[in-house]
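Q: I'm new to this structure and would like a close look at a single part of it. Please start there, then show me what surrounds it.

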Amino acid sequence: MSLKTFMGGTHPHDFKKFSKDASIEEFPLPKKVIIQLSQHIGAPSKPIVKVGDEVKTGQVIAEAGGFVSIPTHASITGKVTRIAKFPHPIGNSQMAIEITGDGKTDELVDLIDDKDYLSLPIEEMKKRILNAGICGMGGAGFPTHVKLSPPPDKPIDTVILNGVECEPFLTADYRVMLERAEDIIKGLKILMKIVNAGQGIIGIEANKPDAIKHITSLVSDDANIRVVALKVKYPQGAEKQLIYAATKRKVPNKGGLPMAAKVVVQNVSTAIAVFEAVAKKKPLIDRVITVTGDIVKNPKNFKARIGTLYSELLEGAGGVTEEIGAIISGGPMMGFAIPTLETPMTKGSSGLLLFNQKQAKRKQEMNCISCAGCVNVCPMNLLPTQIVKATKFEDWEWAEKAGAMDCIRCGSCAFVCPANINILQYVDIAKAKILEQRKKAK
Amino acid sequence: MTNNLYKVSPAPHLHEHISTQRIMWMVIIALLPAMAVGTYSFGIKALLLTLSGGLAAVICEALIQKLRKVPISVSDGSAFLTGVLVSFNINVGAPYWLPIVGSIFAIAVGKQVFGGLGNNPLNPALLGRAFLLASWPSLMTDGWTQTIKGSISGISESTIANVQNMSHIAFTKITSATPLNVIKSIRNVEMFSDAADPALVQKTVFDGLLDWSSLGNLFFGNIGGCIGEISAIALLIGGIFLLVTHVIDWRIPFTYLGTVFIFAWMFGGVNGLFSAGIQLPLFHILSGGLMLGAFFMATDYVSTPVTKRGRIIFGIGCGVLTITIRLVGGYPEGVSYSILLMNLATPLIDKWTMPKPFGEVK
């Protein structure tokens, strides 16, 4: 089978060996969870409980704050103990609801078992997805019901499930594909039905041959669904790059959305959440997260409740064997370094990665020697080196011409830079300044 | 919340095991085969001259950085590399001060004046060479030393003997001048005024330059010339090493060599398009400083375009200029001026060839 891919990209070592053979384990019910109100892109959820309220597992504790927003649910049974700012996995502190339970009682809201879920009206399916509080679980966290509601003049013909997991270290999606493939396919069928797409594609990187084989065998009798094996290259799982690799269609730049290429992309874990929401009305209260790193004693793939503290997850993985140098929420390429382990996991938390002191060390930035390494690897075909120079000269027009606004923040440029320049940070500055100037011009 | 906060840093948190220093030393390693051939052919002085140039560059850079009160960064290898490249352009008969002065000029005026590594608009080593050529032309272009095998012009013994009987002027030329010098000078048939049949002498020398044994001498380095330029194969090995290890990109060397090849083939013959046969373009590819220039000078990161299309234009531009200088210009060799001129055009090329982002819409 010839492997599909995109132009540019780079080849970080994958480091998946630590946790790839660890089967998904149900993480013990935590005594305390902290549920962030902004786990998704868009307006934060609005709390509808007060401190002191008793809540059941799966009960709505905050409602959607707008169309591009989702409700949030209690992930354990207990009492609301605080509504305040708590550390967020993106590195800052944000409003969240703390729920304290006894670590034993787990009273779930009533679920259903809808055998005939595929014949539900489309609107009912979307309503169940919204009510379950589902957002993209690959990291960005875009509300799923919004993605599934393209304007009528933008027909969708393809749903792509993202099983690429190109971030080094992470294995959550890989384990999910091996252990819950049936539910993934059920979720895909629901998604195809909702957007009326005739084609379903599951994109998987070629370094997961067993997952490719397993899912291929399960969809072999369905002419509309196929698995596409993708070349092992970072960032193969970036939305635009995945769409191009799987369909040869290009998503327009300057803020173009996948629907312009008649495609909707969802993460494989999101597909499971969609299936459970539509068929069982189960809210999104847990997810699979990889706890890994060279210094983690027993790297794991946990199925844990949303709001579980990273410190507890790490303890569950046996702790560390060496002093921690850095805590990374997500993968090493696009994840966030966070200051404390007392941070709760969210719906987008695909991994908790621990670095030792040596791995956390950053080298001194040197002069750019224009080696064009960043230009060669940029999957968006931008000129990262010139964006850095433009930012240093505060020439925002130049930065925009060099492509700052089209950056997908994959970090390939900074990964290959021999002068240790944090190129992505300069691009972020340029982006912010360009947006600021556009606002002023209005 | 605990008081024990960990350090945070922006993504990505993984980095490739690569550094400026590593790149520079890899280029220096890639020059070792050429250094070895130079030392074998010309003796230990070739090595000593090269080391003098390299050391002078390092000391000069350190002193200037000290004066500028900026961190001393000579361990990155870039100054040493510049000094080595300047020395590679020098005839082994030159005095020791020549590579030293050239390297100092290259570092001081070519690099540090602009703010050091990464800021130089021109290739410092070529600027150093141009300075030496303009200041001491006879030291730079005369008195070529015979290698331990073969003639200076690479022409075979039998042809030399043949020419000796026909014209003393031609004989002197082919035993004292480099191949490019010979091919340039014999274009003027009137120079063989002492011959009974100047046209025959011209043809004999021309054919002698282009026969397969002479081309073989060019390929393996059995010719006279600059320390680091004589052996095409040695430079090719180094160049391929740099290509395979992704230190350099294929675009500039391939388009540069390709352009020289095609243009030499098309316009090199005296009887119109493609009249030269296949040996002449091979001769031009293998002779002079082209291999060194294409793989080690025109690929200098700082002074060449960063865009992919820009690098192709750069390579073609270098090729066109080189072959134009060689075929119709006043100098026998045009590699260094071609690259320097294209260096000047680099910002413009980058501006013109700004790539279209993936998924570009109007």
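A: Gladly! A crossing is left-handed if the near helix is turned anticlockwise from the far one by less than a right angle, and right-handed if clockwise. The crossing of α4(A) and α5(A) is right-handed. This is a predicted model, where local features need pLDDT of at least 70 and side-chain atom pairs count only at pLDDT 80 or more, while totals for chains, interfaces and linings use all residues. Residues are numbered from 1 along each chain as its sequence is written, with chains lettered from A and ligands numbered from 1 in the order in which they are written.

Helix α4 of chain A covers residues 181-195 and helix α5 of chain A covers residues 209-219; helices are DSSP runs (H or I, at least four residues; strands are E, at least two), numbered from the N terminus. The two axes come within 10 Å and cross at roughly 55°, with axes fitted to C-alpha atoms over the stretch in contact and angles running from 0 to 180 degrees between N-to-C directions. That angle makes α4(A) oblique to α5(A) (under 35 degrees is roughly parallel, over 145 roughly antiparallel, 65 to 115 roughly perpendicular, the rest oblique).

Which residues of α4(A) and α5(A) make the contact? From α4(A) come Ala181(A), Glu182(A) and Ile185(A), and from α5(A) come His214(A), Ile215(A), Leu218(A) and Val219(A); contact means C-beta atoms, placed from the backbone, within 7 Å. This contact of α4(A) with α5(A) has 5 nonpolar residues, 1 polar and 1 charged (Ala, Val, Leu, Ile, Met, Phe, Trp, Tyr, Cys and Pro are nonpolar, Asp, Glu, Lys and Arg charged, and the others, Gly among them, polar).

Now to the surroundings. Chain A touches chain B through 55 of its residues, which meet 35 residues of chain B. On the chain A side, β15 (324-329) and α14 (423-441) are among the elements giving two or more residues, and β15(A) gives the largest share, 4 residues. That side divides into 34 nonpolar, 14 polar and 7 charged residues.

Chain B itself has 18 helices and 0 strands. Its C-alpha atoms fill a box of roughly 100 × 55 × 30 Å along the principal axes.

Notes: Contact = placed C-beta atoms within 7 Å.
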